[in-house]
2 protein chains.
Amino acid sequence: MTRRSAVPPPVTAVLDASSRWLPERLGRVEETLREQVGGHGERLAADAEATLAAGGKRLRPLLVLLCAGPGAGEEAVRAASAIELVHMATLVHDDVLDDAPLRRGRPTVAASRGRARATALGDLLFSRAFALLAGHGDGRAIALLAGASVALARGELAQRNDAFDAGVSESRYLERCQLKTGRLFECACLLGHDAEPLGAFGAEIGLAFQLLDDVLDVAGPAERTGKARGTDLIDGTVTLPFVLAAALDPAIGAADLGALDAAAAAALCDRIAATGALERVRARALETVAAAKRRLAGAGLDPERRRLLELVADGVVQRYS
Amino acid sequence: MTRRSAVPPPVTAVLDASSRWLPERLGRVEETLREQVGGHGERLAADAEATLAAGGKRLRPLLVLLCAGPGAGEEAVRAASAIELVHMATLVHDDVLDDAPLRRGRPTVAASRGRARATALGDLLFSRAFALLAGHGDGRAIALLAGASVALARGELAQRNDAFDAGVSESRYLERCQLKTGRLFECACLLGHDAEPLGAFGAEIGLAFQLLDDVLDVAGPAERTGKARGTDLIDGTVTLPFVLAAALDPAIGAADLGALDAAAAAALCDRIAATGALERVRARALETVAAAKRRLAGAGLDPERRRLLELVADGVVQRYS
């Protein structure tokens, strides 16, 4: 559950279905990100730009902009950019934490340029996020983003504390998901518009996203995910597929996680899959997405934005179907 | 120039000279730091509290409180706490960057608990700083602190880019000092009171602080600094004593920094010292402190605060005398 997926969801489907305002604003977010990441005269700008270009889904900015709606001003573009900067910072630091060689099929900054540079680059991206918002007095956005950043770090620490503990409970796993993933998705929606149903929608699709990411770590295939199967297990990270499978097959729970090599991890993945746990977790994710979509009924959205947010929610599921 | 000194300056001299308001407020900063660092229910709280207890000088909070003065409200206590959280975050991350075994004579979080935990702990402390300020709508403080945090990360990256480059110029070194140390001291003063002479005072004593820290890395002794002599050189960090010495003794500039072990680093330190470069850097630091103190004349301070700020400036020098 450390890394988020390498497979882009159909953001394009959302853009295709949208009227012109949304692609135009996402373009302004890209411009803002390039401004924030570049222009500090260090050779490192190249690393930051590689991180930016490796890109990813811009799912969090999309949520900010959709929740904010077509009538929102530049503060929505800034908030969308800032949350992506924080997300990028956590990815760069995650790769330091995990000594990860690859992300999205490319060498990580940590691997290609060293831990020191990666740690400092993450700190820079993180600082830039707050500087961007502070420069315009976006106080509500800063409070939301700082709160979510605290949650992210707490989630990371909780995961480290649980490492190699095969007895992690489902509720503990869900708590970690909420901290590590749910809170930033929730924050994205609330940055766009301060409405409780939107926050709940974000938290739920964040959870579904993480559940499916954790399925993918077990299911692979590596060509699709850009990383080896069982990478989480090798890192000692117990996720829901393992927790449910261990309840069905005691040999799984008895595995010595500290002693797994790549072959043993792949074999353990097969054994987890054989219990049917992956289908259960996928079903849980689908239910969570359905629940998220029902939240939108109470959010007072115009029909276009509701439809587009439903497409985002569907995209979280479809990328794994 | 990576680590700041292990030797506490005479903060006690400042407190002794102050009327009751200052110790009372520094006490509230300690309380706030304990609140912010503890209470998130993770085992890691122990690491954070160890970092807090290892303590250090609280020099930046002291500057915030002195510049804010006795009439300031709780926002000065929050700003003083927030800047110390950012400072602590950078120390924890610096130890990850450097693989440092010791800080202030104790094992670092990175060494005792692993890089992963240390990276995440730094992120947590950093996030807490902004969350603390954002929770009270301290917009000006957030903008100042975010700007200084960007500078810190840029300074770190500049240092990494320059690593093992024996040809670093004096002006490049001074630029790095300003980013890595000066800006946070400047920020501390401006957090207290928005007056240009105070900001300049902070930047200058920050520079003097760094200059003397870099002398100490060469001069030692290890029993006093809590780290081996020449640690910066082994890390590839070229500082002003090296730059000035290399201009006087070409063999120094020709040293292969990438190949230094502890004994070779100590020998290089001796050679640097033999050029008289350390006295020159010390003299530069003293001049900088004197210039900083002259700034205070234009800051419109009451006599007590001016005297106390002068004591802080003297403290930066005295700890090395």
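**Close-up views of a predicted two-chain model**

**View 1. Chain A and its two domains.** Chain A splits into domain 1 (11-137) and domain 2 (178-304), with bounds taken from an automatic or database domain assignment. This is a predicted model, so a few limits apply: local features need pLDDT of at least 70, side-chain atom pairs count only at pLDDT 80 or more, and totals for chains, interfaces and linings use all residues. Residues are numbered from 1 along each chain as its sequence is written, while chains are lettered from A and ligands numbered from 1 in the order in which they are written. The C-alpha centres of the two domains of chain A sit 23 Å apart. Where they touch, domain 1 of chain A brings 16 residues and domain 2 of chain A brings 14 residues; here two residues are in contact if their C-beta atoms, placed from the backbone, lie within 7 Å. On the domain 1 side of chain A, α4 and α5 each supply at least two residues, and α4(A) gives the most, with seven residues. That side divides into ten nonpolar, three polar and three charged residues. In this sorting, Ala, Val, Leu, Ile, Met, Phe, Trp, Tyr, Cys and Pro count as nonpolar, Asp, Glu, Lys and Arg as charged, and the others, Gly among them, as polar.

**View 2. The whole of chain A, in brief.** Count through chain A and there are 17 helices and two strands. These are DSSP runs numbered from the N terminus, with helices being H or I of at least four residues and strands being E of at least two. Of the 321 residues in chain A, 56% are buried. Buried means that 20 or more other C-beta atoms lie within 10 Å of the residue's own, exposed means 12 or fewer, and partly exposed is in between, with C-beta atoms placed from the backbone. Take the contacts in chain A with a separation of 6 or more: residues 24 or more positions apart account for 74% of them.

**View 3. Helix α4 meets helix α9 in chain A.** Two packed helices are described by the angle between their axes and the distance between the axes. For α4 (residues 59-68) and α9 (residues 170-192) of chain A, the axes come within 6 Å and cross at roughly 30°. Axes are lines fitted to C-alpha atoms, for helices over the stretch in contact, and angles run from 0 to 180 degrees between N-to-C directions. The crossing of α4(A) with α9(A) is right-handed, meaning the near helix is turned clockwise from the far one by less than a right angle. Among the residues that meet are L63(A), V64(A) and C67(A) from α4(A), and L184(A), F185(A) and A188(A) from α9(A). Sorted by class, this contact has eleven nonpolar, one polar and one charged residues.

**View 4. A helix tucked inside chain A.** Helix α13 (residues 240-248) of chain A is largely enclosed by the rest of the structure, because seven of its nine residues are buried. Those buried residues are L240(A), P241(A), F242(A), V243(A), L244(A), A245(A) and A246(A). The cover over them includes α9, α10 (196-219), α14 (250-253), α15 (262-274) and α16 (277-295) of chain A.

**View 5. Where chain A meets chain B.** Each partner puts in its share here: 37 residues from chain A and 37 residues from chain B. On the chain A side, the elements giving two or more residues are α5 (74-98), α7 (115-134) and α8 (139-162). This side divides into 18 nonpolar, ten polar and nine charged residues. The copies meet through the same surface, because 100% of the interface residues of chain A are also interface residues in chain B.

View 6. F164(A) is in the loop between α8 and α9 of chain A, and its phi is near 65°, a positive value in a residue other than glycine. With 15 other C-beta atoms within 10 Å, F164(A) is partly exposed. In chain B, phi of F164(B) is near 65° too. S171(A), in helix α9 of chain A, counts as exposed, with 9 C-beta neighbours inside 10 Å.
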